[in-house]
Amino acid sequence: GKDAATLERFFDLLGDEECAKITDVSADGAPWIETVVESRCRNAKLCMDPFHVVAWATRALDEVRRDVWNQARRQGMVAEARELKGARFALWKNPEDLTERQQAKLAGIQRTNAKLYRAYLLKEQLRQVFRLPWRAAMRLLDRWIAWALRSRLPAFVEVARSVRRHRAGIDQALRRD
């Protein structure tokens with residue numbers, strides 16, 4: 001299950017003594033996890049799981065892609081809409097894992113669609129935060145939040161707000177790496 005009752009049962013199975021030994025809990029930002037961890041693992045710090053934080057940006061990127069695709073379709077730009085429809089995986093994948101064809105698709109987006117390419121760069125820069133040493137990561141995260149908030153991309157403005165809300169857990173995760 002994915003709920004507070006399941007997590008409570010897990011901690012019941014561990015017992016109070018083992019729960020007291022837990023120092024860090026990695027989670028996805030769900031409020032119910034924080035509530036249960038705070039009550040059951042008093043010595044634990046909640047860490048935001050980097051995969052889930054970057055997933056927020058990936059979902060925002062896909063929202064921008066769909067918006068740009070729909071706009072191209074509405075304006076009768078059939079070829080551009082077709083290119084955008086086939087760009088999903090090139091935008092989602094890590095740059096180091098792109099095929100030559102996906103690299104070409106991404107280069108085409110860079111040349112022809114500044115809005116979508118900006119969204120891609122925002123996703124990639126947030127991913128980079130989790131690859132740096134703690135102090136450098138925190139500086140980059142501050143710059144990322146500022147960029148996302150002024151990006152004029154509503155989906156990324158919302159991600160930036162989520163990142164700010166979960167900043168303590170992100171900081172904790174970055175300190176642990």
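Which residues does Leu 126 touch, leaving aside those up to four places away in sequence? In this predicted model, local features need pLDDT of at least 70 and side-chain atom pairs count only at pLDDT 80 or more, while totals for chains, interfaces and linings use all residues. Residues are numbered from 1 along each chain as its sequence is written, and side-chain values use heavy atoms, with hydrogens and water left out.

Leu 126 turns out to touch Val 53, Val 54, Ala 57, Leu 141, Trp 144 and Val 159, a contact being heavy atoms within 4.5 Å.

Leu 126 also belongs to the largest nonpolar core, which has 42 residues; along with Trp 144, Phe 156 and Val 163, Leu 126 is among those with the most contacts inside that core. Such a core is a set of buried Ala, Val, Leu, Ile, Met, Phe, Trp, Tyr and Cys residues joined through side-chain atoms within 4.5 Å, where buried means under 20% relative accessible area with a 1.4 Å probe, protein chains only. At least two core residues each come from α4 (50-74), α5 (78-85), α6 (88-92), α7 (100-112), α8 (114-129), α9 (134-149), α10 (154-165) and α11 (167-176); helices here are DSSP runs of H or I with at least four residues, numbered from the N terminus. The largest share, 10 residues, is from α4. Another core, of 12 residues, lies apart from this one and includes Leu 7, Phe 11, Ala 27 and Ala 30.

How values were computed
Buried means under 20% relative accessible area, exposed over 50%, partly exposed in between (1.4 Å probe, protein chains only).
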